[in-house]
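Here is a short briefing on one protein model. Look at the structure, then work through the points below.

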Amino acid sequence: MQPHHDGSARYVPQQEPRLGESVDVFVRVPAGADVRQVHVRTTGDGEPRFAEAVVDRADVGDVWWRAEVEARNPVSNYRFLLSGRGRRWLTAAGVVDHDVPDASDFKLVTHAPPPAWARDAVVYQIFPDRFARSAAADGRPLPAWAIPCDWDTPVIGSGPETPYQCYGGDLDGIVERLDHLDRLGVNTVYLTPIFPARSNHRYDAASFDRVDPLLGGDAALARLADAVRARGWRLLGDITSNHTGDGHEWFTAAAHEHAPERELYYFDESTGDHESWNGVTSLPKLNWGSVELRRRFAVADDSPLRRWLRPPYGLDGWRVDVANMTGRRGADAYTREVAALLRSVVTQTRPDGLVMAEHGHDHTGDLDRDGWHGTMNYVGFTDPVWSWLCHGDRPVPNFLGTPGGVVRRDSGAVLATMNAYRSLVSWRSYVHSWQLLGSHDSARIRTVVGDAARQQVAAGLLATLPGTPMIFAGDELGLTGTNGEGSRTPMPWHRPRSWDAGTFATYRSLIALRRGEPALRHGGLRWLHHDPDTLVYLREAPTGAVLVLARRAAGAPVRLAGLPAVENLYGGAPALRPDPAGGLNLPGDGPTFQVWRLP
């Protein structure tokens, strides 16, 4: 094993340092490693400084070195210099024998932490039109844009009808199905947009001031919020900060050249054309250089950002759509200002509010400030898991737009991808980001991996790696879909025989395991082994540790030295005892997912 440090409580006991506070940090060095001296290097105020670490303690097989780091700046970088016969650096990217840039240094963050409940959340994403339909929906008139569909009408994944298919799911329908979520074990409900619009996805909002009457209106949201709170859960909304719909009251008013709403958007005054999201003219882009936009959207006491966080609705925070593009346009670069503003307003309105950013590619430059609490980690989790577990000869389209679809890769490349993105953000941002196997914007995980056995491996990674698990409604039933729109399948409540009961049991058991094991929610991460078809890692917390084996295919048993006897918690493998030479032999069958508890 290699020398190790991460940002979890076992290595950084003070998880919420204050600006100017000095905190202890620990490095775990295997007793046989060539390490005779350890220094910590910090870069407070931009100047590198070295301080010598001391041996704090030794236990079976490891020596623990302790050093002190001052949280000199809001984000304070540090790394370790390991000296023996040679010298190596230990950074968040791992151990290297050459000089590397500071970008992958470990980080202490003194900005206010995310809400405490977020670390223990298991998020369930609901696309309201397709989740459940109450009896009240039958009498509601449809707008002109809607194509009425019954619950068994096939979803059109691509075509002119795609955004207009209306299945009539509503918020009261969600209330009626909360027992399903309870059986599954989730504790946080995330709704995609609920504001009136001219599409079924509602990312083209016509207003932020009311809930779409098709979903039951404001009163239905209050009823859903009450029902969610009664179970001790959390409820999150979805707000679009990059654009509105062209039917939005702000945009229609902006058609008048001298209207105050004109400055809320980007107009070419010579042609009258407007900037829009990716050239889709029905989604006009908001101009965050406008003080009036900041007031209306966020700062004002009656702003939509604040209103829906207050009683009787009481949302617990927002997922921010297209956060990666918000405030960015040509020379305009307001993204970090906007992130800080939205977070400030949310936490002023409710101190335990969460602000989660959508980001579909490299998010690392937008985190670790006083803005987004985390991101949807598509590039550092979803894509590498897909590429390791994808199956079949026909490539699955990659929603990120990469030509050629999902490329099958071995675990070494998968691990390198995960570590590359993880190493560029703080541990805090990493563990508060959402890890997901898919969403309403992507293919379904069952379609990607091809069968229930590989989906179990994927769900196991989701439940046991650091970060907040997010499950797209229907994945637990084995639903399929080749792209985002095609994956927005109505939940088959009336066809229970179509459910994959085994997959539901898998998700339920893994969620219960995560909620029952502190190490899976708050522990650090040490990778122990990988070969093309296998990943093995430890999750370790001050209160205990678990050992995880993930295999996409059968292979040779894996032998690990230096571990004690372990008891199986998930997967059905037997308890393991060290062999006479002191090694644990992990089984070679696959696909499989196994979890053991260390004493």
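The points below cover a pair of helices and two pockets.

This is a predicted model. One topic is how helix α13 packs with helix α14. The others are the largest pocket and the second largest pocket.

**The helix pair**
- Helix α13 spans residues 452-464, and helix α14 spans residues 501-516.
- Their axes come within 10 Å and cross at roughly 20 degrees.
- Angles under 35 degrees count as roughly parallel, so α13 is roughly parallel to α14.
- The crossing of α13 and α14 is right-handed.
- On α13, the contact uses A452, Q455, Q456, A459, G460, L462, A463 and T464.
- On α14, the contact uses T503, T506, Y507, L510 and R514.
- By class, this contact has six nonpolar, six polar and one charged residues.

**The largest pocket**
- The volume of the largest pocket is about 1,100 Å³.
- It is lined by 42 residues, and W277, N278, D441, E485 and R488 are the closest to its centre.
- The lining of the largest pocket has 14 nonpolar, 20 polar and eight charged residues.

**The second largest pocket**
- The volume of the second largest pocket is about 610 Å³.
- It is lined by 26 residues, and Q2, H4, G94, N419 and W527 are the closest to its centre.
- At least two lining residues come from each of β7 (87-91), β8 (94-96), α10 (411-422), β22 (524-531) and β25 (558-561).
- Strand β22 gives the largest share of this lining, six residues.
- By class, the lining of the second largest pocket divides into 15 nonpolar, eight polar and three charged residues.

Notes:
Residues are numbered from 1 along each chain as its sequence is written. This is a predicted model: local features need pLDDT of at least 70, side-chain atom pairs count only at pLDDT 80 or more; totals for chains, interfaces and linings use all residues. Side-chain values use heavy atoms; hydrogens and water are left out. Axes are lines fitted to C-alpha atoms, for helices over the stretch in contact, and angles run from 0 to 180 degrees between N-to-C directions. Helices (H or I, at least four residues) and strands (E, at least two) are DSSP runs, numbered from the N terminus. Angles under 35 degrees count as roughly parallel, over 145 as roughly antiparallel, 65 to 115 as roughly perpendicular and the rest as oblique. A crossing is left-handed if the near helix is turned anticlockwise from the far one by less than a right angle, and right-handed if clockwise. Contact means heavy atoms within 4.5 Å. Ala, Val, Leu, Ile, Met, Phe, Trp, Tyr, Cys and Pro count as nonpolar, Asp, Glu, Lys and Arg as charged, and the others, Gly among them, as polar. On a 1 Å grid over the protein atoms alone, a cavity is a set of points where a 1.4 Å probe fits but cannot get out, and a pocket is an open set with protein on both sides within 12 Å along at least five of seven lines; lining residues have an atom within 4 Å of a point. Grid points are joined across faces, edges and corners, and a volume is the space filled by probe spheres set on the points.
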